[in-house]
Amino acid sequence: MKLDYATLISPAPCYLEQAGHIKSPRLRDIFCPEVGYPRYNLYLSLLLSTPQHYCEQVNPTQASWYHSLDEEKRNLLSMFDLILADSWLQSAFLQIFRFFFTEEVVFSPENQAFLTYGEEPEGVIHRENFFTVCDVILQRCFVSRPDTSFDPSQVSGKKAQSILKKLQAGRQQKSSVSRNRDTELPNLIAAIAVKSRSVNFINIWDLTIYQLYEQFKREQSDVYFEIQKMSVAAYGNKENNFRGDEWYANTDSA
């Protein structure tokens with residue numbers, strides 16, 4: 001499920017049918033004492049995790065068990081299967097869903113699912129929609145995941161399993177949050193608060209995480225536009241390829 005650009009930049013929660021309302025958290029929600037930046041990164045890492053990544057890197061005690069499974073079982077294993085068998089993962093994903101859903105979330109052992117409640121029961125997060133729920137949360141956080149249209153819980157048949165094997169092989173190196181000091185969230189917050197004409201250290205905390213990254217992307221484009229504009233003003237534009245409307249060109253990649 002791919003969210004449209006209007007939904008992604010909106011501060012309003014988006015409704016995922018039969019699950020609940022998923023928000024793009026504001027910076028103040030992420031950096032509050034109850035959550036904090038390291039825990040937020042852990043949330044994203046778990047949302048991106050594959051069974052292999054979780055068993056080998058997050059919880060290495062499970063590595064030998066994972067590799068003891070035959071190839072077909074490994075290919076069909078989903079993160080939701082691990083959650084049902086691992087009380088720590090149940091607790092971790094309960095925290096994640098409570099952070100991103102506007103509804104109250106509980107884990108129901110009887111139903112083998114997470115239940116969401118508003119004023120009345122709202123929805124269910126189960127094996128069949130778990131991948132979609134995680135993917136929508138990641139989109140609202142400006143995080144892309146490779147092969148987001150592919151849901152391993154729906155695989156059946158030898159041909160599909162063969163495709164799955166190839167896709168998962170390509171995913172293993174991409175299943176964690178990228179670490180780049182220049183684009184670390186605290187550094188971007190400081191850079192935008194100083195450079196922006198309207199955002200500062202007082203009001204930046206009201207931006208959603210998606211809005212913050214979109215602001216950064218637009219500020220970055222504006223730097224190049226201003227350089228190009230000054231160059232044309234000083235030396236002309238022999239190629240006649242300067243467009244004055246480039247500063248608001250649609251950069252939506254959603």
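Reader: Phenylalanine 142 to start. Buried, exposed or partly exposed?

Author: Partly exposed, at a relative accessible area of 33%. Keep in mind that this is a predicted model.

Reader: And tyrosine 210, buried or exposed?

Author: Tyrosine 210 is buried, because its relative accessible area is 5% and the cut-off for buried is under 20%.

Reader: How many aromatic pairs does the structure hold?

Author: It holds 14 aromatic pairs. In one of them, phenylalanine 142 and tyrosine 210 have ring centres 4.8 Å apart and planes at 55°, so that pair is tilted. Phenylalanine 142 sits in the loop between H9 and helix H10 (158–171), and tyrosine 210 in helix H12, 68 residues apart.

Reader: What about phenylalanine 142 and tyrosine 213?

Author: Those two are stacked, with 5.3 Å from centre to centre and 25° between the planes. Here too distant parts of the chain are linked: the loop between H9 and H10 holds phenylalanine 142, helix H12 holds tyrosine 213, and they are 71 residues apart.

Reader: Which residues form the aromatic cluster?

Author: Seven phenylalanines make up one cluster: Phe80, Phe93, Phe97, Phe101, Phe107, Phe114 and Phe130.

Reader: Switching to charges. How many salt bridges?

Author: Six. One joins aspartate 206 to arginine 28, with the closest N and O atoms 2.8 Å apart.

Reader: What does aspartate 81 do with arginine 127?

Author: Their side chains meet in a salt bridge, 2.9 Å from N to O. Aspartate 81 is in helix H7 (residues 79–85) and arginine 127 in the loop between strand E5 (121–125) and helix H9 (130–140), so this pair ties together parts 46 residues apart in sequence. Aspartate 81 is partly exposed, with a relative accessible area of 23%. Arginine 127 also has 23% and is partly exposed.

Reader: And glutamate 219 with lysine 195, what's the N to O distance?

Author: 3.2 Å, in a salt bridge between the side chains. Glutamate 219 is in helix H12 and lysine 195 in helix H11, 24 residues apart.

Reader: Glutamate 219: buried or exposed?

Author: Buried, because its relative accessibility is 13% and the limit for buried is 20%. Lysine 195 is partly exposed at 42%.

Reader: Which residues are linked in a network of salt bridges?

Author: Glu214, Lys217 and Arg218.

Reader: Where is threonine 208, and what does it touch?

Author: Threonine 208 is in the loop between helix H11 (185–195) and helix H12 (209–235). Leaving out residues up to four places away in sequence, threonine 208 touches Pro11, Ser24, Pro25 and Arg26. Threonine 208 is buried, at 0% relative accessible area.

Reader: Last topic, the surface. Which residues form the nonpolar patch?

Author: Leu42, Val58 and Trp88, with about 250 Å² of accessible area together. Tryptophan 88 is in helix H8 (residues 87–100). Tryptophan 88 is partly exposed, at 43% relative accessible area.

Technical notes. Residues are numbered from 1 along each chain as its sequence is written. This is a predicted model: local features need pLDDT of at least 70, side-chain atom pairs count only at pLDDT 80 or more; totals for chains, interfaces and linings use all residues. Side-chain values use heavy atoms; hydrogens and water are left out. Helices (H or I, at least four residues) and strands (E, at least two) are DSSP runs, numbered from the N terminus. Buried means under 20% relative accessible area, exposed over 50%, partly exposed in between (1.4 Å probe, protein chains only). Contact means heavy atoms within 4.5 Å. Patches are made of residues with over 30% relative accessible area and no salt bridge: like charges are joined within 9 Å, nonpolar side chains (Val, Leu, Ile, Met, Phe, Trp, Tyr) within 5 Å. Accessible areas come from the Shrake-Rupley method with a 1.4 Å probe; for residues, only the protein chains shown count as cover. A salt bridge is a side-chain nitrogen of Lys or Arg within 4 Å of a carboxyl oxygen of Asp or Glu. Rings of Phe, Tyr and Trp (its six-membered ring) pair if their centres lie within 6.5 Å; planes under 30 degrees apart count as stacked, over 60 as edge-to-face and the rest as tilted.
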